Amino acid sequence: MKLSFVYMLPIKTEFKYAIKDELHEALKLAAEFGFKGIEYNIPNPFEVDFKRLLKLTEDYGLRISAISTGSAYLEYGLTITHPNSSIREKALKFMRKYIEHASAHNSGVVVGLIRGRRDNRAVEEIAESLISSIRTLEDHCSSYDVFLLIEPLNRYETDYINSVEEALQIVEQTGDYVKLLLDTFHMNIEERNMCDAILRAGRSIGHVHIAENNRLPPGLGSICWKNVVQHFYRVGFNGYLSLEALPRPSFKEALKQTAETLNPIVRGFQAEYDNQS
Ligand code: LER
Ligand code: MN
C-alpha cells in the first residue's frame with residue numbers, strides 16, 4: 001500500500017478535512033515523507049488546469065491516487081440523482097470529465113456527496129436513480145480505463161449509503177467498474193467492527209481514506225492502525241491510503257504524523273504481502 005493525501009482546490013464553501021495550502025510545498029513535503037500519491041478534490045473539472053496539476057504532481061514523483069468530486073456538490077449543488085434532470089445531466093457531464101482526467105493515472109473517481117441525498121424519497125427510488133446514472137458512465141469508464149468509487153459516509157453527513165453493506169448493493173447491481181472507497185472515520189461511526197467491514201468489502205475495495213475516530217491524522221486518536229492495515233492486506237488491497245483529516249496542528253505536522261504512524265506499519269506488512277503474491 002502507498003500513502004496519499006487529499007488536496008482540495010479552492011472553493012467558497014467550507015471543507016475542513018483536506019489540505020489546501022501551497023501545492024508545491026505540500027507535494028514537496030509529502031514526497032519527502034514517503035507519500036506516493038495525491039488525491040485532487042476538483043470543484044469544476046472543466047475549469048481546472050489539469051495539465052498543470054498533472055505535471056506538477058509528476059515533477060515531485062507522485063501519482064494521482066484518485067479524483068474526488070465532493071466539491072462539485074458543495075460548490076454547485078450537483079448530484080447524479082438530482083430530481084431535476086438538467087442538474088442531474090450537468091452532474092453526469094462533470095463525472096465524464098472527471099473520468100477523462102482520472103485516466104492520466106488510471107485512478108478512481110469518487111462518488112461521495114455527488115451521489116445526492118435521499119431527503120423525502122424512498123430508498124428504492126434514489127437507488128434506481130443512482131444505479132441508472134452510474135450505468136450511463138460504464139462505457140466512459142472502460143474507454144478511459146477508470147473506475148468509480150462509492151464512499152459510504154456517516155449518518156450525520158448523508159442520509160443515503162452509510163455502510164459498507166449498502167455500498168456493496170450498488171456494486172452488485174452495476175459491475176466491477178464500481179468499487180468501494182472505505183473511509184476509516186466514517187466506518188468508525190457506522191460499522192460494528194471496522195476490521196469485519198474490511199473483510200466483508202474484500203476485493204471490492206478500490207481506495208481508502210484515512211483519519212482517526214476524531215478526524216485527526218493517524219496516530220492522534222484511538223484507531224488501531226496495525227490491525228486496520230493488516231486487514232486491508234488480508235483482503236488483497238494494495239492501493240492508496242489517502243489522508244483525509246483535519247490538517248492539525250498544521251498541514252506539515254499532519255503529513256509528518258501520518259507518515260510516522262503508517263510508514264513502519266505498511267513496510268512491515270508489505271514485504272509479507274509481496275512474498276505471498
Ligand atoms: C469525503 O471523502 C468525505 O469523507 C466526507 O466526509 C465529505 O464530507
Ligand atoms: Mn472520505
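Of which hand is the crossing of H1 and H2? In this predicted model, where local features need pLDDT of at least 70, side-chain atom pairs count only at pLDDT 80 or more, and totals for chains, interfaces and linings use all residues, the crossing of H1 and H2 is right-handed. Residues are numbered from 1 along each chain as its sequence is written, chains are lettered from A and ligands numbered from 1 in the order in which they are written, and side-chain values use heavy atoms, with hydrogens and water left out.

Two packed helices are described by the angle between their axes and the distance between the axes. Helix H1 covers residues 23-32 and helix H2 residues 50-59, and their axes come within 10 Å and cross at roughly 30° (axes are lines fitted to C-alpha atoms, for helices over the stretch in contact, and angles run from 0 to 180 degrees between N-to-C directions; helices, H or I of at least four residues, and strands, E of at least two, are DSSP runs numbered from the N terminus). H1 and H2 are therefore roughly parallel to each other (angles under 35 degrees count as roughly parallel, over 145 as roughly antiparallel, 65 to 115 as roughly perpendicular and the rest as oblique). Their crossing is right-handed, a term used if the near helix is turned clockwise from the far one by less than a right angle, with anticlockwise giving left-handed. Leu-23, His-24 and Leu-27 of H1 meet Leu-53, Leu-56 and Thr-57 of H2, contact meaning heavy atoms within 4.5 Å. These residues divide into 4 nonpolar, 2 polar and no charged (Ala, Val, Leu, Ile, Met, Phe, Trp, Tyr, Cys and Pro count as nonpolar, Asp, Glu, Lys and Arg as charged, and the others, Gly among them, as polar).

H1 also packs with H11, at an angle of about 20° and with the axes 10 Å apart, and the two helices are therefore roughly parallel to each other. This crossing is right-handed, and the contact is made by Glu-25, Ala-26, Leu-29 and Ala-30 of H1 with Phe-251, Lys-252 and Leu-255 of H11. By class, the residues of this contact are 5 nonpolar, no polar and 2 charged.

In helices H9 (residues 194-201) and H10 (residues 225-234), the axes come within 9 Å and cross at roughly 15°, which makes H9 roughly parallel to H10. The contact joins Met-194, Cys-195, Ile-198 and Leu-199 of H9 to Asn-227, Val-228, His-231, Phe-232 and Arg-234 of H10, with 6 nonpolar, 2 polar and 1 charged residues.

His-207 lies in strand S7 (residues 205-210) and counts as buried at 1% relative accessibility; leaving aside neighbours within four places in sequence, its contacts include Glu-39, Ser-65, Leu-182 and Phe-237. Arg-121, in the loop between strand S4 (108-111) and helix H5 (123-136), counts as buried at 12% relative accessibility, and, with neighbours within four places in sequence left aside, Arg-121 is in contact with Thr-81, Pro-83 and Ile-126.

Conventions:
Buried means under 20% relative accessible area, exposed over 50%, partly exposed in between (1.4 Å probe, protein chains only).
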